[in-house]
Amino acid sequence: MSEPVAVPAPSTPARSRGRRLLAWAVALLIALALLAVIGLRLAVHELHQQVRAALGPRSEVGEIVVGWHAIEVRQLRIRADRQGRGAWPTEDELRAERVVVVPQLRSLLSGEVRIQRVVIEDGYVSLLRTRDGRLRVLPALLERPKDKAGSADESAPMPPIHIAEVSLEGGALEFYDASVRRPALKLRLEQLATTVGPLDLPRLDTPTRIRLDGVLKGVQRDGRVRLEGEATFATREVKLRADLRGVDLVALQPYLLKVAETGVKRGSLDLRLDATVRNERLRAPGHLTLTGLELSNSGGVLGTFAGVPRQAVLAAMSRNGRIDLDFTLEGRLDDPSFSLNESFATKVASGLAESLGVSVGGVVQGVGDVIKGLFGR
């Protein structure tokens, strides 16, 4: 039987070289890891500085916490400019208890400002429609500051920022509409679940998806609002679907009534609308339903509601409990008067007149006022 062959142990110099190579490899890995961590921290710190600069001089921040993968902004407030002709109707443009900014990590190392997601928790946003029908949103962030002559100041351009998605969770939105009355009418949306994106600031020249769900507060009842679609803000190209359910007519009566007309005691409004804007031309077919409408006694038998004789409206409500109206809103956004064409108003008025049993001539102007009031100039 053969004896086992002894294998000589590695020499001391060989063992030492192996240990040194292993130590060098471990040290190299640790160094690379430290460099990666330091680089990421520096990049996120740079984003921290850019966020402060982007918020502008009217912003207030309780605290900014820089994490490994995100920046958390706490107690954010952007105060409104309440001076001059463009004075904002409320104290703040934006408030939020907590805003989480998640950057695209690769972009941080390239010097670009690209944000994967912005989450606004328990936030508040105010919007203003001006007397000429222009919608203003977060002017402190999205509008260039004015110089002494009132022109946009080109000396302080906003750096390009790409935001893939912005979501507003559980917040509130107040919409001030100065196009229907002075002071501006206020409508408040609560329990918001809103997603918007992508946004390419400051150009806003790429299509942005929009989804909004919320509760529209009313005087007597609350209704539901849903908006879904996309818009290119720089060119005003829009494809948007709106759905309002059970909205309080008392809150919306400034859109429906002239100053001297019969007021609304109670009632609700449902609205479906598919709006498309291409090459400055708007086309928006829709369906409007008024339910449980009760009118005040002002005006007597000669009183009107949205240009329609009050008695005809009450008679229709007593028969059916509701009034339904199909319409198509059309016009050019670059037309300062944004008037509905006569043929459209006549068609809508004819349908309404037939359902109410009144003459066409009495409702043409009223229907035009209703549609203009609901959707702008």
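1. Basis of the note. Residues are numbered from 1 along each chain as its sequence is written, and side-chain values rest on heavy atoms, with hydrogens and water left out. Because the model is predicted, local features need pLDDT of at least 70 and side-chain atom pairs count only at pLDDT 80 or more, while totals for chains, interfaces and linings use all residues.

2. Overall make-up. The chain contains seven helices and 18 strands; these are DSSP runs, with helices (H or I) of at least four residues and strands (E) of at least two, numbered from the N terminus. Of its 377 residues, 40% count as buried. Here buried means under 20% relative accessible area, exposed means over 50%, and partly exposed lies in between (1.4 Å probe, protein chains only).

3. Contacts and surface. Among contacts in the chain with a separation of 6 or more, 56% are between residues 24 or more positions apart; a contact means heavy atoms within 4.5 Å. The accessible surface of the chain is about 21,300 Å², and carbon and sulfur atoms hold 56% of that area. Accessible areas come from the Shrake-Rupley method with a 1.4 Å probe, and for residues only the protein chains shown count as cover.

4. Two residues side by side. Thr-208 belongs to strand S11 (residues 208-216) and is buried, because its relative accessible area is 1%. Residues up to four places away in sequence aside, Ala-87 touches Asp-81, Arg-82 and Leu-128.

5. A nonpolar patch. Leu-135, Val-137 and Leu-142 make a nonpolar surface patch of about 220 Å². Patches are made of residues with over 30% relative accessible area and no salt bridge; like charges are joined within 9 Å, and nonpolar side chains (Val, Leu, Ile, Met, Phe, Trp, Tyr) within 5 Å. Val-137 is part of strand S5 (residues 135-137) and is partly exposed at 31% relative accessibility.

6. Salt bridges around Glu-72. The whole structure has 26 salt bridges, each being a side-chain nitrogen of Lys or Arg within 4 Å of a carboxyl oxygen of Asp or Glu. Glu-72 forms one with Arg-74 (2.5 Å, N to O) and one with Arg-98 (3.2 Å, N to O). Glu-72 lies in strand S2 and Arg-98 in strand S3, so this pair ties together parts that are 26 residues apart in sequence. Glu-72 is buried, with a relative accessible area of 16%, whereas Arg-74 is partly exposed at 27% and Arg-98 is partly exposed at 29%.

7. Glu-294 and Arg-266 meet through their side chains in a salt bridge (3.5 Å, N to O). This pair links distant parts of the chain, 28 residues apart: Glu-294 is in strand S15 (residues 281-295) and Arg-266 in strand S14 (residues 264-278). Glu-294 is partly exposed, with a relative accessible area of 36%, and Arg-266 is partly exposed, with 40%. Salt bridges with shared partners also join Glu-60, Arg-77, Arg-79, Asp-92 and Arg-95 into one network.

8. A charge over a ring. The charged end of Arg-95 sits over the ring of Tyr-124, 4.2 Å from the ring centre. Such a case requires NZ of Lys or CZ of Arg within 6 Å of the ring centre and within 35 degrees of the ring normal.

9. Most residues other than glycine have a negative phi, and most peptide bonds are trans. The bond from Arg-182 to Pro-183 is cis, with omega near -5 degrees, and Pro-183 is in the loop between strand S8 (172-177) and strand S9 (185-197). Another cis peptide bond joins Gly-197 and Pro-198, with omega about 0 degrees; Pro-198 is in the loop between S9 and strand S10 (199-201). Asp-122, not a glycine, has a positive phi of about 50 degrees; Asp-122 lies in strand S4 (residues 114-129) and is exposed at 54% relative accessibility. Glu-280, in the loop between S14 and S15, has a positive phi near 70 degrees.
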